[in-house]
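Please look through the sequence and the three-dimensional structure shown here before reading on. The paragraphs below them are meant to be followed with the structure open.

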Amino acid sequence: MNSDLFKIEALTVKDAPFLTVLQKESPGRPWSLGETKQMLEDSTIQGWGIRKKTELFGFILIQKTLESVDILDFVVEKSVRRQGAGQRLYDCCECMCKKDQIKEIFLEVAASNHPALSFYHKQGFINIGIRPLYYTSPSGKEDSFLMKKNNNSWMKIDFIC
Ligand SMILES: CC(C)(COP(=O)(O)OP(=O)(O)OC[C@H]1O[C@@H](n2cnc3c(N)ncnc32)[C@H](O)[C@@H]1OP(=O)(O)O)[C@@H](O)C(=O)NCCC(=O)NCCS
């Protein structure tokens, strides 16, 4: 992916309509526009979007407590997957964690979501639990994995976002 052609910026409430559309590509429950706006206005929630010109084609949204971060959702538009956009977005999250001395990142992912599982394993996440039949998918209910990554394996680079 040619980095001259895209930029990564912090999300604002103006991004809510684009986020709502993109988020439908995630296997989880779809978010309404109102719900998305509310999340973007919440001071504990922050995120980054990747765009070409004005068009948003990926985002990561996280919720922060004093010492930990939860990834709420993370999506790259289907046609541009596997070109490094997800990695760039995730790196912004981890940079912030490093800067703010966060200790752990947590997330939940459907057990059949092999691309996401492969992505998170590459980042050094480990499975810490299973929630039986937690996700509703078109083929019915399915298990989800809880995963976490500790600060002892944060990336080496200092600040990129
Ligand atoms: C998960 C997701 C955001 C990754 O975005 P992406 O832009 O495709 O990821 P990248 O191109 O940066 O991939 C980085 C690495 O992750 C792994 N990976 C990503 N997609 C993969 C796939 N389909 N199969 C196997 N490994 C994959 C690879 O190790 C890849 O590195 P490589 O291409 O050098 O082998 C994207 O697949 C997506 O939007 N999925 C649908 C939404 C979703 O499931 N979100 C997760 C919710 S918990």
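What follows is a walk through this predicted model, going from the sheet to the helices and then to the ligand.

Several of the pairings can be traced strand by strand. β2 and β3 are antiparallel partners joined over eight bridges, and in this pair G47 stands opposite L61 of β3. Further along the order, β5 pairs with β7, the strand of residues 140–150, in the antiparallel sense over seven bridges, with V109 placed opposite F145 in β7. β7 is also joined to β6, residues 126–137, by eight bridges, and these two strands likewise run antiparallel. Here T136 has K141 of β7 as its bridge partner, and the two strands form a hairpin in which two residues lie between them.

α3 has 15 residues and spans 22 Å from its first C-alpha to its last, which is close to the 21 Å expected at 1.5 Å a residue. Which residues of α3 are buried? They are A85, G86, R88, L89, Y90, C92, C93, E94 and C97, and what covers them includes β1, β2, β3, β4, β5 and α4. In general, an α-helix has 3.6 residues a turn, so residues three or four places apart point the same way. After α3 comes Q101, a residue with a positive phi near 55 degrees.

Helix α4 is hardly covered, since the count of buried residues among its ten residues is one. A residue of this helix that can be examined individually is A116. Is A116 buried or partly exposed? A116 is partly exposed because 19 other C-beta atoms lie within 10 Å, whereas a residue is called buried if that count is 20 or more. The C-alpha atom of A116 is separated by 21 Å from that of F18, and these two residues are 98 residues apart along the chain. α4 is followed by G124, whose phi is positive and near 100 degrees.

The helices and strands described so far come together again around the ligand. Which elements each supply at least two residues of the shell around the ligand? They are β4 (68–76), α3 (85–99), β5 (104–110) and α4 (114–123), and the largest share, five residues, comes from α4. Of the 22 residues around the ligand, those that come nearest are R81, G86, Q87, P115 and S118. One of these, G86, is also among the buried residues of α3. By class, the shell is made up of ten nonpolar, seven polar and five charged residues. Thus α4, although hardly covered, supplies the largest share of the shell around the ligand.

Note on methods:
Residues are numbered from 1 along each chain as its sequence is written. This is a predicted model: local features need pLDDT of at least 70, side-chain atom pairs count only at pLDDT 80 or more; totals for chains, interfaces and linings use all residues. A residue is near a molecule or strand if its C-beta atom, placed from the backbone, lies within 6 Å of it. Helices (H or I, at least four residues) and strands (E, at least two) are DSSP runs, numbered from the N terminus. Ala, Val, Leu, Ile, Met, Phe, Trp, Tyr, Cys and Pro count as nonpolar, Asp, Glu, Lys and Arg as charged, and the others, Gly among them, as polar. The expected span of a helix is 1.5 Å times one less than its number of residues. A residue is buried if 20 or more other C-beta atoms lie within 10 Å of its own, exposed if 12 or fewer, and partly exposed in between; C-beta atoms are placed from the backbone. Two residues are in contact if their C-beta atoms, placed from the backbone, lie within 7 Å. Two strands pair if DSSP finds at least two bridges between them.
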